[in-house]
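This briefing sets out the fold, the aromatic pairs, the charged pairs and the surface of the structure shown below. Please read it alongside the sequence and the model.

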Amino acid sequence: MALYWCTECMPLAVTALLPVVLFPMMGIMKAGAVCVEYLKDSNMLFIGGLLVAIAVENWNLHKRIALRVLLLVGVRPALLMMGFMIVSAFLSMWISNTATTAMMLPIAQAVLQQLSATEAQADERDLEAAGEDNHAFELETKQTKEEMTRRAKAREEKYTLLTKGMSLSVCYSASIGGTATLTGTTPNLILKGQVDKIFPKNGGVINFASWFGFACPNMLIMLVFSWLWLQFMFLGFNIKKSFGCGMNKDRDKEAYKVMKEEYKKLGRMTFAEGAVLTIFTLLVILWFTREPGFVDGWATVLFNKGGEFVTDGTVAIFMSMLFFVIPSQLPGSGGYGYDAEGESRTNAVKAPPTLLNWQIVHERMPWNIILLLGGGFALAAGSEESHLSDWLGAQLAPLKSIPPFAISLLLSLLVATFTECSSNTATTTLFLPILASMATAIKIHPLYVMLPCTIAASLAFMLPVATPPNAIAFSFGKLKVIDMVKAGFMLNLIGILCINLGINTWGYSMFQMHTFPDWANITHNKP
């Protein structure tokens, strides 16, 4: 399965179905037991999170948020890059990294084109004014043409670099932002599923709040360093140029006007957008307060044994069901049930459509990922039943002599390298059961190696084929592979160092990494 996932000789989801066929035939597990692995609580959390993302995209709420933030940030080059990175990272925490990149790049391109066109007009005006002042010189026309050509060439070089930098900043920040929430990207959910499967008595150590507490500060640090590196690579550290001190105000106004017009096209916020935003906000609040850790959450207070019974998946499915109940318009506001004069129609009263319908969900839901998640859980179950995980753990026992921080650093580096030429979901699915076995064999906290490697699987920055956001940016931004390799190599190192800083500081105390937890002593939940 590892070979098939890496080479993609069959679709990833089809490879994930192999345990259904092979485990029963090889006498490893009964068919019924294998099939149960394919729809766990983590899959339900994934489905609920995606339904919210589909609703946000369907009503263009993400575009409204993006343009609003960009209008606040301004259009100076460094601030513009920062604005695009902040918006891309924030959106990819809740909607797919690919959708974020696909939406943000056209906006970035439109703004840069306007900046370039306005600068060209300003240069022409300057040269015309200079020509009027010096009309006595015979060579003036020739010199003006030469100066225009020189300026045009310099402007083209500048905006080519700026386009490259902006395209990479969007796709990289989308990948970085996805690491901040449990539902932000698939590897995070694979970790939750694998931890719950391999260590069933873990007491919900990974939930939305605990993940966010560790991963969000880490994401912010990565984002700042990524911005500094891309700033250095594509804009340089000239504060006057980058932040636009003393630059052409007309040009800034024109570019600002483009974004303002785009925002105006969206019109006023509709009832549907407001409803989606309300449900989305409530969902996030319920996720954070279900089991915050330092006090009893609402699940424990409201329901008997709620902490064990109600999960993040329960909340996600409950809130996403509201999209199929709440109408997209207030009755009567869009002509539903009323004639042209506003009189009520008694014959055929038609209800307004709901915020989501199944046709939209069917078209946009990546069903293949649900099978891929299930395949990973089935593989982990097979490894336990056959005692392969015990054998792997024993083989890795000599690592006990290496300091834990070095193990974490080396494994993060290995996973980040592997994920460049394999999908991040396949990489996480392959590595996590092995890392869990290794951690129990050498008696270190399983999350000390599993958490950094999960986030490292999202650091696919070096190649266009590594992840869909990279491919979209590559097609948009006048990029060469070497541009992506140079920018991505340093970002990989930055990411790995940031993750390991996090796991050895606030993560160390959050998850009590200094102890080997009781729930990790038993890897098999057998009577």
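The protein chain has 26 helices and zero strands; helices (H or I, at least four residues) and strands (E, at least two) are DSSP runs, numbered from the N terminus. This is a predicted model, in which local features need pLDDT of at least 70 and side-chain atom pairs count only at pLDDT 80 or more, while totals for chains, interfaces and linings use all residues. Residues are numbered from 1 along each chain as its sequence is written, and side-chain values use heavy atoms, with hydrogens and water left out.

**Overall fold**

- Of the 527 residues of the protein chain, 50% count as buried; buried means under 20% relative accessible area, exposed over 50%, and partly exposed in between (1.4 Å probe, protein chains only).
- Among contacts in the protein chain with a separation of 6 or more, 80% are between residues 24 or more positions apart, a contact being heavy atoms within 4.5 Å.
- The protein chain has an accessible surface of about 24400 Å², and 64% of this belongs to carbon and sulfur atoms. Accessible areas come from the Shrake-Rupley method with a 1.4 Å probe; for residues, only the protein chains shown count as cover.

**Aromatic pairs**

- A pair of aromatic rings is described by the distance of the centres and the angle of the planes. Rings of Phe, Tyr and Trp (its six-membered ring) pair if their centres lie within 6.5 Å; planes under 30 degrees apart count as stacked, over 60 as edge-to-face and the rest as tilted.
- By this rule the count comes to 15 aromatic pairs. One of them is the edge-to-face pair of Phe90 and Trp94, at 6.4 Å centre to centre with 65° between the planes.
- Phe90 is partly exposed, at 36% relative accessible area, whereas Trp94 is buried at 14%.
- Trp94 also pairs with Phe280: the ring centres are 5.1 Å apart and the planes stand at 85°, so this pair is edge-to-face.
- Ring pairs join Phe90, Trp94 and Phe280 with Phe208, Phe212, Trp287 and Phe288 into a cluster.

**Salt bridges and charges over rings**

- The structure holds six salt bridges, each a side-chain nitrogen of Lys or Arg within 4 Å of a carboxyl oxygen of Asp or Glu.
- Among them is the bridge between Glu37 and Lys197, whose closest N and O atoms are 3.0 Å apart. This pair links distant parts of the chain, 160 residues apart, with Glu37 in the loop between helix H4 (31-36) and helix H5 (41-58) and Lys197 in helix H10 (residues 186-198).
- Glu37 is buried, at 5% relative accessibility, and Lys197 is partly exposed, at 22%.
- Glu273 forms a salt bridge with Arg64, with 2.7 Å between the closest N and O atoms. The two residues are 209 residues apart and link distant parts of the chain, Glu273 being in helix H14 and Arg64 in helix H6 (residues 61-73).
- Both Glu273 and Arg64 are buried.
- The charged end of Arg64 also sits over the ring of Tyr263, 5.8 Å from its centre, and Arg68 lies over the face of Tyr263 at 5.2 Å from the ring centre. A charge sits over a ring if NZ of Lys or CZ of Arg is within 6 Å of the ring centre and within 35 degrees of the ring normal.
- Lys192 and Asp196 form a salt bridge, with the closest N and O atoms 3.1 Å apart. These two residues are separated by about one helical turn, because they are four residues apart in helix H10.
- Lys192 is buried, at 6% relative accessible area, while Asp196 is partly exposed, at 27% relative accessibility.
- Salt bridges that share partners join Glu37, Lys40 and Lys197 into one network.

**A buried threonine**

- Thr454 lies in helix H23 (residues 446-456) and is buried, with a relative accessible area of 0%.
- Apart from its neighbours within four places in sequence, Thr454 is in contact with Pro187, Asn188, Leu191, Trp211, Thr428 and Leu432.

**Nonpolar surface patch**

- Val224, Phe225, Leu228, Phe232 and Phe237 form a nonpolar patch on the surface, with about 480 Å² of accessible area together.
- Patches are made of residues with over 30% relative accessible area and no salt bridge: like charges are joined within 9 Å, and nonpolar side chains (Val, Leu, Ile, Met, Phe, Trp, Tyr) within 5 Å.
- Phe225 lies in helix H11 (residues 208-235) and counts as partly exposed, at 43% relative accessibility.
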